[in-house]
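Let's take a walk through this model together. We'll begin with charged pairs and then turn to the nonpolar parts.

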Amino acid sequence: MKLRAGLPAAVIAIAVYVAFLNKPFNIDDNVFLMMADHMTVDPLHPASVQLVVNGRPPAWVSAGMWSGPVMPALLVPSILAGGAEWLAHLMVLGVFLVGIFATAALALRLGLSDRGARWAALLTTCSAAVIAMSMTSMPDLPTMSLGVLGAERLVAYRDERRLAQALGATIALALAVLSRQHIVLLYACLVPLMFTAWPGTLREFGTTVVSRRFLALMAICVAAAGLVALAYLVMRDDHAAGSLASTPLRIADTSLWRVNLPNVPAQWVLTFPLGLAWAWLHGRDMLRSAWCWLGAGAGAYLAYTSHVFYRHLDWLPWQAPLTALGMAVLVHVFVDAVRRRDHVELGLAAWLLIMTPIAVYSHLPPKYFVPSAPAMAILILRHVESQGRNPTRVLGTLAVLHVVLGVLIIRADAAHGETGREGGAVVASYVARGERVWFDGTWGFQWYAMQAGAMPVTTEEPKPQPGDIVVVGMEGWVIKAWPNKQLLEKRTFPAPGGRIMRKPAGFFSNVAWGPLPWWWSRKPLGPIEVYRIL
């Protein structure tokens with residue numbers, strides 16, 4: 001039954017993988033690839049890697065403690081195969097399929113019908129951000145899959161009390177946090193799911209939380225947290241990322257909440273189907289709800305503060321309605337859960353917001369929402385079934401639209417990544433001639449350039465010497481300030497197309513580029529430039 005419910009969604013995930021089998025590495029893929037490369041010689045310290053970022057001097061990889069060892073471990077087979085893109089994507093696909101079937105299984109355990117579970121798996125898979133992230137080498141898909149698997153195993157133990165289920169939940173929940181730290185908040189979201197009914201009185205609540213069943217369920221989360229702490233203690237490297245607690249504090253920037261916080265409701269409308277699906281289900285009730293109007297007003301205000309930061313008030317006419325709708329929906333989800341005394345819905349609703357603390361990070365793009373996609377889908381289908389709605393027309397249309405958007409994002413990411421792979425080929429051609437080659441740039445270009453044998457240019461020593469070759473690619477800027485150089489060749493990529501890293505589209509960084517996930521542009525990608533130092 002669980003396999004049948006997840007099968008249509010699995011077919012879609014596999015089809016996307018086949019279509020983009022050899023998609024180049026891009027953006028933060030290079031961080032996890034370098035960590036994986038280091039794991040082949042030092043498995044216990046994947047973060048013990050010094051990385052040049054945007055021309056700055058080499059620094060230890062803080063992502064090692066922020067993201068954990070799961071993604072680098074998944075990429076080790078690709079590293080051993082010479083950096084094969086298809087193998088890296090295959091490893092992510094395998095974990096993705098686990099998440100798809102776990103979502104269907106959790107939906108069934110939470111009371112959905114076979115059809116409801118099938119649609120929950122489909123909505124999770126077809127969400128534009130989920131589709132897009134499935135073809136990256138970043139840890140967001142593994143985090144989602146391990147998180148929902150842990151939740152499903154915990155609910156299974158709640159109902160059936162088998163030791164294997166408790167062990168499965170503990171290991172999956174620990175591995176989820178060892179993929180992305182912020183999913184540790186899922187542990188709190190699972191507490192309402194440990195109840196079998198909403199406690200009617202304080203006495204009932206007190207009786208429940210001291211019961212052996214509840215304490216056994218809580219012990220699973222405590223044990224998972226203990227495994228995480230043990231893993232970080234074993235992997236601790238003072239030269240690299242420091243401690244589990246210190247890394248998030250070190251990279252926090254409280255001034256960015258003004259642009260990041262508005263992106264939470266906005267992305268539930270833009271890159272996930274929650275906003276439109278919930279408006280279809282509850283539009284009339286939302287229009288009559290004072291709470292929703294207050295939420296919409298707060299969303300509009302957040303959009304305004306965001307654009308004061310961006311200095312793009314011309315974006316406000318379209319982002320304010322999106323953010324207002326998203327806030328109204330999120331408010332209605334919580335109000336409805338409390339009004340109906342639905343402990344399952346309350347837990348799922350809280351699951352939607354586990355990315356919110358990242359508002360103090362350097363950005364809050366859709367990838368951090370991906371671990372919450374199963375909760376979103378199950379919430380929607382619970383209400384579809386409670387209202388006796390036929391999901392085929394509306395949810396089918398939303399799923400198709402999101403798959404199209406997800407594929408457009410992947411195509412734009414692939415086109416951008418191809419410039420980095422081409423830059424690596426340019427580096428390889430000069431290395432083959434016996435030249436001493438440096439590179440100036442980042443992201444996928446950095447990975448391919450280093451694989452080809454180039455050394456990074458930074459603002460400090462060592463620096464290129466007269467006669468050396470410098471290949472400038474993605475975001476390269478250091479060498480442009482050098483006066484004594486000769487341009488040997490320049491390759492441009494003039495084809496117009498979709499863009500995900502050009503204002504107002506910032507799928508991978510809302511702060512750097514904007515809140516939209518995709519945008520059409522005629523401006524060229526690249527270029528790749530080759531200089532000889534004089």
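A salt bridge here is a side-chain nitrogen of Lys or Arg within 4 Å of a carboxyl oxygen of Asp or Glu. Keep in mind that this is a predicted model, where local features need pLDDT of at least 70 and side-chain atom pairs count only at pLDDT 80 or more, while totals for chains, interfaces and linings use all residues. Residues are numbered from 1 along each chain as its sequence is written, and side-chain values use heavy atoms, leaving out hydrogens and water.

By that rule, there are 21 salt bridges. Take R162 and E160, whose side chains meet at 3.7 Å, N to O. R162 counts as exposed because its relative accessibility is 52% (buried means under 20% relative accessible area, exposed over 50%, partly exposed in between, with a 1.4 Å probe and protein chains only). E160, at 35%, is partly exposed.

Now look at D342 and R382, with their closest N and O atoms 2.3 Å apart. They sit 40 residues apart and link distant parts of the chain. D342 is buried at 10%, and so is R382 at 17%.

What about the nonpolar side? A nonpolar core is a set of buried Ala, Val, Leu, Ile, Met, Phe, Trp, Tyr and Cys residues joined through side-chain atoms within 4.5 Å. The largest one has 150 residues, and W268, W351 and I380 touch the most other members. A second, separate core holds 9 residues, including W438 and V470.

Note on methods
Helices (H or I, at least four residues) and strands (E, at least two) are DSSP runs, numbered from the N terminus.
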